Amino acid sequence: MATKSEISANPAPATAPVSLSKEEILRYSRHLIMPEVGMEGQLKLKQAKVLCIGTGGLGAPLGLYLAAAGVGRIGLVDFDTVDSTNLQRQILFGSKDVGRPKIAAASDRLRDLNPDIQIDTFETHLSSENALDILKDYDIIVDGTDNFPTRYLVNDASVLLGKPNVYGSIFRFEGQVTVFGYPDGPCYRCLYPEPPPPGLVPSCAEGGVLGVLPGIVGSIQAAETLKLIIGVGEPLVGRLLLFDALAMRFRELKLRQNPDCPLCGTNPTITELIDYAEFCGMRGEEAPAPQTSVPEITPRELKARLDRGDDLYILDVREPHEYQICNLGGHLIPLGDLSKRVNELDSSREIVAHCRSGKRSAEAVEFLQRAGFRKILNLKGGILAWSDDVDPSVPKY
Amino acid sequence: MAVKVIIPTPLRAYAGKQESVELQANTVAEALNGLTLRFADLKKHLYSDDGKLRSFVNVYVNDEDIRYLQKDQTQLRDGDIVSIVPSIAGGAHN
């Protein structure tokens, strides 16, 4: 098990004593004049090696602050490309970056911010095959990912390598932050031995994130990372920080190392990386589409039938705030209210149910079939497919 | 005992969109039972089919994890805050 000093201090054998140039002294002067950082702390930052997994909402402020602070070597792992829906929160990227690999756009931005540091790029999916190899060269791992398989992978690899894992996650306007994998501290599996099954993960109806939230949570991760490197203050170990941006309230819960933890407990059963897609009950990154056998209609077929004047009743099972973005003029009953409001529907008419992508409306069709509706179809691909195939003036979201 | 149960954002959809619920309970089990009686949809999110609290849902009384107290038999006092804290994975997407 690594000790605190091994984590915070420079482990590399120094061939020449590390020092700051005149330009670096000026750049970091607001650190240097503060005794908690000072020259000693700044040299530790210069010699530090931090791996940021994910360059999205959390990774953006994290990467910016670590680079600005003078962390000497920053590794970035991401496989994604920038799209325009990222720009609402991923402040590493600008409009000109849309379509570029995130890794390329992020490393350009960080090199511009601080040309004196080394940026390592890994344009890849972190996997059980490559994780230990990628993580091993870094002192501290920062988890800015967005899915359960990668979170368990990052946790397990960090614990197996004895490296701290600065954890942050977000949902809508609520965030969680802590430091896992610290000597004698808990790991992610101590807190949550297993992930939720894919069916219980919130659907797009409950998704979304306040743009500034990852900015706040990622910045807290950056602060914890800098503290670990410099070796000052009280690290966020054994404490889970909960943040609610709507209430604007922070709360703190105690975290303990679980003696029964399968990874870091007294009798560990996990001693190497496993298949995380399988562990999380899914193959690949996303939950597979449900094996729907509900009757469907494609957007083009629906358009043709409406043009013919067929009597079709359009049922929109999205949320009211989604209806405001765009709609097909359907009758709105959110999926969650359907059981209470089923009497609003006329089972003698032919009904076409739709949502954003077709998943929620498939559930609605199943439910209505069980309730005795016979003439009910699901709009395949939802309003997104309608926009693609029938009416491009309908905005996609 | 009058206690407050804090509902996390991902589960509010199944709890009448409320942030917290005040109820009377002597133990954590009673508090959660009272909660799921009021909001039936919450049950499958909190408990597995065999009636156990799901392993991706932790329950705290004030700042202590009930797994290190008396689990769902943990006694409650007036004014205690019971927090339900599920794992969330979000970072970049969602």
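Predicted model: local features only at pLDDT ≥ 70, side-chain atom pairs only at ≥ 80, totals over all residues.
Reader: Let's start with the overall picture. How many helices and strands does chain A have, and what share of chain A counts as buried?

Author: Chain A has 16 helices and 13 strands. Of its 397 residues, 43% count as buried. The C-alpha atoms fill a box of roughly 80 × 50 × 40 Å along the principal axes. As for contacts between residues at least 6 apart in sequence, 68% join residues at least 24 apart.

Reader: What makes α5 of chain A count as largely enclosed?

Author: It's a head count. A residue is buried if 20 or more other C-beta atoms lie within 10 Å of its own. Nine of the eleven residues of α5(A) are buried, so the helix is largely enclosed by the rest of the structure. Those residues are A:G59, A:A60, A:P61, A:L62, A:G63, A:L64, A:L66, A:A67 and A:A69.

Reader: And what do the buried residues of α5(A) pack against?

Author: Quite a list: α4 (38-47), β1 (49-53), β2 (73-78), α6, β4 (140-143) and α10, each in chain A. Just after α5(A), A:G70 takes a positive phi of about 90°.

Reader: Why is α5(A) called roughly parallel to α6(A)?

Author: The axes of α5 (residues 59-69) and α6 (residues 102-113) of chain A come within 9 Å and cross at roughly 30°. Angles under 35 degrees count as roughly parallel, and that makes α5(A) roughly parallel to α6(A). The crossing is right-handed.

Reader: Which residues meet there, and how do they divide by class?

Author: From α5(A) you have A:G63, A:L64, A:A67 and A:A68, and they meet A:A106, A:L110 and A:L113 of α6(A). The contact divides into six nonpolar residues, one polar and no charged.

Reader: What about α5(A) and α10(A): how do their axes cross?

Author: Those axes come within 7 Å and cross at roughly 35°. This crossing is right-handed. On the α5(A) side the contact includes A:G59, A:Y65 and A:A69, and on the α10(A) side A:G215, A:Q221 and A:L226 are among the residues involved. By class, the contact has eight nonpolar, six polar and no charged residues.

Reader: Which residues touch the most other members of the largest nonpolar core?

Author: That core has 94 residues, and A:V50, A:L51, A:V71, A:I74, A:V142 and B:A31 touch the most other members. Helix α10 (residues 212-230) of chain A gives the largest share, eight residues. Apart from it lies another core, of 21 residues, including A:L302, A:L338, A:F373 and A:I376.

Reader: What is A:V142 in contact with, beyond its neighbours within four places in sequence?

Author: A:V50, A:L51, A:C52, A:I53, A:L62, A:V166, A:Q221 and A:T225.

Reader: Now a few single residues. Why is A:R172 called buried?

Author: A:R172 has 21 C-beta neighbours inside 10 Å. The cut-off for buried is 20 or more, so A:R172 counts as buried. You'll find A:R172 in the loop between β5 (165-171) and β6 (174-180) of chain A.

Reader: What makes the phi of A:R172 worth a comment?

Author: Most residues other than glycine have a negative phi. A:R172 has a positive phi of about 60° although it is not a glycine. A:D184 has a positive phi too, about 65°, and is likewise not a glycine.

Reader: Is A:D184 buried or exposed, and how do you know?

Author: A:D184 has 10 other C-beta atoms within 10 Å. A residue with 12 or fewer is exposed, so that's the label for A:D184. A:D184 is in the loop between β6 and α9 (188-191) of chain A.

Reader: And why is A:D307 exposed?

Author: The count for A:D307, which is in helix α12 (residues 299-308) of chain A, is 8 C-beta neighbours inside 10 Å, so A:D307 counts as exposed.

Reader: Last one: how many residues does each chain give to the contact between chains A and B?

Author: Chain B gives 23 residues and chain A gives 36. The chain B side divides into ten nonpolar, ten polar and three charged.

Methods:
Residues numbered from 1 in each chain as written. Chains lettered and ligands numbered in written order. Core = buried A, V, L, I, M, F, W, Y, C linked by C-beta atoms within 7 Å. Helix = DSSP H or I, 4+ residues; strand = E, 2+ residues; numbered from the N terminus. Contact = placed C-beta atoms within 7 Å. Nonpolar A, V, L, I, M, F, W, Y, C, P; charged D, E, K, R; others polar. Axes fitted to C-alpha atoms, helices over the stretch in contact; angles between N-to-C directions. Parallel < 35°, antiparallel > 145°, perpendicular 65-115°, else oblique. Left-handed = near helix turned anticlockwise from the far one by under 90°.
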